[in-house]
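Hi,

Here is the structure I said I would pass on. Have a look at it first, and then read my notes below.

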Amino acid sequence: MHSTVELQTVHKEFVFEDKRPFLSCHASTLIVLEHDEVLVAWFGGTAEKNSDVAIWISRRQSAGGWGEPVKIADEEGVAHWNPVLFQGADGRIFLFYKVGHEIIDWHTRVMVSTDGGHTWSGPKELVDGDRGGRGPVKNKPILLDSGAIAAPASLERPDPDHPGKEIWEAFADLSFDGGATWSSSGIVPLDGSLLQGQAHTKAKGVIQPALWEDANGLHMLLRSTEGWIYRSDSTDGGATWCTAYPTPLPNNNSGLDVVKTDNGLLALVCNPVQGSGTSSPRSPLTVVFSSDNGESWGNEFILEDGPGEYSYPAVVAKGNRLYITYTWKRERIAFWQMQLRE
C-alpha cells in the first residue's frame with residue numbers, strides 16, 4: 001500500500017511573464033545545476049509546426065529571478081520541436097531537440113555546453129542519417145547504475161494497412177560512451193488486441209516514454225492512444241522490453257514525466273484524464289506519488305485545474321526537492337519547486 005507523502009513547501013512562478021518574443025510556447029525541459037540554479041528550455045514561435053519555431057532557454061539564479069528568454073537554436077525555414085536537457089556524469093550539459101516539418105521526418109540535433117549552459121557548441125546530428133527521431137523525444141535521459149545513458153525515445157510512422165493513419169512505437173536509445181554514440185533498443189512490444197486507438201485519432205500505440213531505474217531493472221511509463229498510461233519493463237539495461245501493459249492511471253494522449261528521488265519515491269506529473277485527440281482536455285495537471293515502484297499511486301497534488309491547456313510536464317529531483325515545468329495555455333512556461341518533508 002502507498003505511504004503518505006507530505007510536502008513541506010511549494011512555490012510556483014513563471015519563467016517569463018506576458019511580455020515575450022514569441023506568440024506561442026510548448027514542451028519545456030529543465031535541469032538543476034550547482035547552487036540551485038535552474039536551466040529551462042522550450043520551443044517557441046507563431047505556433048507549433050511553423051517554420052519560425054525555435055528553441056529558447058532561460059536561467060533561474062540561485063537567489064531567484066529568471067533571465068530573459070534567449071533563442072539558442074534556429075535553423076531558418078524549418079520547425080524546431082521538443083528540446084531535452086541532460087547533464088552527464090562529467091558535468092557536460094546536452095541539449096537535444098528535433099528538427100523537421102513533419103514528425104515522421106524528424107531528425108535529432110544535439111548541442112553541448114561545458115560551462116554550465118552559458119555557451120554552447122554548434123548543433124550536429126545526433127545519429128548520422130537519422131530520420132524519424134533518435135535520442136530523447138520529450139523526456140530526460142537517465143544515467144544508469146552501469147554508467148550507460150538511457151534516453152526515452154519513440155517514433156511516429158505511417159500505418160501501412162491504413163492510409164492516413166500512424167503507428168506509434170517506443171524504444172530506448174542507449175549510449176555507453178558518455179553520449180558520443182547511440183544504439184537503439186528493440187521496439188517495445190505491443191499487443192495489437194489491446195491497441196485499438198480512438199475512432200477520431202490518426203494513430204494507435206505508445207510514445208514519449210519516461211524512465212526510471214531500480215534494483216529490478218529499468219522501467220518506463222508511456223503516453224498512449226488508449227485512455228490509460230502504459231508501462232514496460234526491462235531486465236537487461238534497456239536492450240529489450242516486455243510487452244507494454246496498461247496501468248490504472250488515466251491518460252488523455254498527452255505527455256507525462258516521472259522521476260525517482262534519492263529515497264526511491266516516484267513522482268509522476270500528468271493529466272489524469274481519459275480520452276484521446278484534440279478534444280480531450282489537458283486539465284487538470286497533477287503530481288502523484290508511488291513508494292512501491294509504481295504499483296500504486298496516491299497523495300495527489302493539483303498543479304492546475306482551471307480551463308485551458310496545462311500540459312507536457314517535465315520533472316527532476318535533487319535531494320528532497322522536486323522541480324517541475326509545464327506548458328501554461330501555450331502562453332508561458334510555469335515552474336514549481338516542491339520540498340518533500342523528510
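Before the strands come up, one definition: two strands count as a pair if DSSP finds at least two bridges between them. Keep in mind, too, that this is a predicted model.

**The whole chain**

Let me start with the big picture. The protein chain has 24 strands and zero helices. Its radius of gyration is 18 Å, close to the 20 Å that the globule rule gives for 342 residues, so the chain is as compact as a globular protein of that length. If you draw a box along the principal axes, the C-alpha atoms fill roughly 55 × 50 × 45 Å.

Of the 342 residues, 58% are buried. Taking contacts between residues at least 6 apart in sequence, 50% of them join residues at least 24 apart. The chain exposes about 14000 Å², and carbon and sulfur atoms supply 50% of that. As for charge, there are 29 positive and 44 negative side chains, with the centres of the two sets 4 Å apart.

How many of its ten residues are buried? Ten of the ten, so S12 is largely enclosed by the rest of the structure. In a regular strand the side chains alternate between the two faces of the sheet. In S12 both faces are covered: one side carries Glu166, Trp168, Ala170, Ala172 and Leu174, the other carries Ile167, Glu169, Phe171, Asp173 and Ser175, and all of these are buried.

Which strands does S12 pair with?

- S11 (residues 149-158) runs antiparallel to S12, and ten bridges join the two. Alanine 150 stands opposite leucine 174 of S12.
- S14 (residues 203-214) runs parallel to S12, with three bridges between them. Here tryptophan 168 has glycine 205 of S14 as its bridge partner.
- S13 (residues 183-184) pairs with S12 in the antiparallel sense over two bridges. Aspartate 173 stands opposite serine 184 of S13.

Glutamate 75 sits in the loop between S5 (70-73) and S6. With a relative accessible area of 23%, glutamate 75 is partly exposed. Beyond its neighbours within four places in sequence, glutamate 75 is in contact with His80, Tyr97, Val99 and Arg109. The C-alpha atoms of glutamate 75 and aspartate 52 are 8.9 Å apart, and the two residues are 23 apart along the chain.

**Serine 234**

Serine 234 belongs to strand S16 (residues 228-234). Is serine 234 buried or exposed? At 1% relative accessibility, serine 234 counts as buried. Neighbours within four places in sequence aside, serine 234 is in contact with Asn216, Gly217, Leu218, Ala239, Thr240 and Trp241. Isoleucine 142 is 92 residues away from serine 234 along the chain, and their C-alpha atoms are separated by 14 Å.

**Some backbone details**

Finally, a few spots to look at in the backbone. The peptide bond from serine 283 to proline 284 is cis, with omega near 5 degrees. You will find proline 284 in the loop between S19 (266-270) and S20 (285-290).

Asparagine 293 is not a glycine, yet it has a positive phi of about 60 degrees. Asparagine 293 lies in the loop between S20 and S21 (298-304). It is buried because its relative accessible area is 18%, and the cut-off for buried is under 20%.

Asparagine 299 also has a positive phi, near 55 degrees. Asparagine 299 is in strand S21. At 27% relative accessibility, asparagine 299 counts as partly exposed.

Over to you now, and happy browsing!

Notes
Residues numbered from 1 in each chain as written. Predicted model: local features only at pLDDT ≥ 70, side-chain atom pairs only at ≥ 80, totals over all residues. Heavy atoms only, no water. Helix = DSSP H or I, 4+ residues; strand = E, 2+ residues; numbered from the N terminus. Rg over C-alpha atoms; globule rule 2.2 N^0.38 Å. Buried < 20%, exposed > 50% of the residue type's maximum accessible area, 1.4 Å probe, protein only. Contact = heavy atoms within 4.5 Å. Areas by Shrake-Rupley, 256 points an atom, 1.4 Å probe, with all protein chains shown as cover. Lys, Arg positive; Asp, Glu negative; His and termini not counted. Charge placed at Lys NZ, Arg CZ, Asp CG, Glu CD.
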